[in-house]
Amino acid sequence: MPTSSNRRTAAALTSLTTLLALSALSACGGDADADGGQPAVGAKATIAGTVVQRDAALYDLLPDSVRKSGTVRVATDVPYPPFEMYAAAGSDEMTGLDYDLGQALGAKLGVRFAFSAQKFDGIVPALQAGKFDVAMSAMTDNKDRQQVVDFVDYTQSGSGIMVADGNPEKITGLDDLCGHKVAVQAATNQLELLTGHQKDCAAAGRGKIDIQTFPKDSDAQLALRSGKVVADVLTKPAAGWTAKTADDGKAFDLVEDPKAPGGYNASPNGIAVSKKLPELTTAIQKALQALIDDGTLKRICDQYGVGSIALDKATRNAAVD
């Protein structure tokens, strides 16, 4: 995932697309109360077309404090499509991949996952201070953060390639960008990726990538729309969501490279859990694995155009740095 500054940029770039597309998604349904659409305690929920019901054995794994309150307090930074979004402009009702997954975990564990907005750089300190129990905010699992929180990993994400609808140049991976004009936002990990790949182009006897940098990815997208470049390289979740929603999915395609299902240089994203609640970490890990096994996690990710970033195992503290 990008740094917090790049994270905010990505949010701004896709906010308009997000609002236009949300009406087409029915992520969560089922039993909900009147408080911000949060599911009632112990209620089943329909998530991405799947009915998720309480597992009594998993409920018993929860710490006493959570069982007594019936609530897991979740910090999240909104918006960051497709992980965190508001359902409409001016609304405080949340939606998105992380929100849907939180509702599925809550239904499986028999408690409410109550989401609250928090600035990204304040999330970990808020967990340490006991204001929240967990964070679900597309947070990269890294070793520095592991010093103060534990992670249950659910997706992996890195850089992705977005091309014009129909993929006219038949781009299948980074090597196919050699010799072509490619758009990328300046001062990003994606620019470093393209710059670093130049030596591979040379080794293969192919021309250099003609890297076209732009101050914003929305500018890079315009270059792709107009045919000035053959591809735009950005974070894979943003690429997948944009390809799914822009012009009702008719503007762009996401390149799926089987050698990099989560994207290039992918890192795990994790649910951050307070180290004061080890029982909650265990319960969430087991509940997540159940949602992986029955296909719910994959369906949630598919709903947002990023099915390939879903992990097939709920790992714990699996940082790659």
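Me: Which side chain of opposite charge is nearest to the buried Asp153, and how far away is it?
Reply: Asp153 is buried but has no salt bridge, where buried means under 20% relative accessible area, exposed over 50% and partly exposed in between, with a 1.4 Å probe and protein chains only, and where a salt bridge is a side-chain nitrogen of Lys or Arg within 4 Å of a carboxyl oxygen of Asp or Glu. For charge, Lys and Arg count as positive and Asp and Glu as negative, while His and the chain ends are not counted. The nearest side chain of opposite charge lies 8.6 Å away and belongs to Arg316.

This is a predicted model, in which local features need pLDDT of at least 70 and side-chain atom pairs count only at pLDDT 80 or more, while totals for chains, interfaces and linings use all residues. Residues are numbered from 1 along each chain as its sequence is written, and side-chain values use heavy atoms, with hydrogens and water left out.

Me: Which backbone nitrogen does the side chain of Asp153 reach?
Reply: Asp153 belongs to strand β9, residues 149–164, with helices (H or I, at least four residues) and strands (E, at least two) taken as DSSP runs numbered from the N terminus. Leaving aside neighbours within four places in sequence, its contacts (heavy atoms within 4.5 Å) include Lys313, Arg316, Asn317 and Ala318. At 3.1 Å, the side chain reaches the backbone nitrogen of Ala318.

Me: At which residue does α7 bend, and by about how much?
Reply: Helix α7, residues 189–203, reaches 22 Å from its first C-alpha to its last, close to the 21 Å expected, the expected span being 1.5 Å times one less than the number of residues. The bend is the angle between axes fitted to the seven residues ending at a position and the seven starting there. One of the buried residues of α7 is His197, and the helix bends there by about 30°.

Me: What is the relative accessible area of Ala138, a buried residue?
Reply: Most residues other than glycine have a negative phi, and most peptide bonds are trans. Ala138, in strand β8, has a positive phi near 50°. Ala138 is buried, and its relative accessible area is 2%.

Conventions. Polar contact = N/O pair within 3.5 Å; in protein donor to acceptor, adjacent residues only side chain to side chain.
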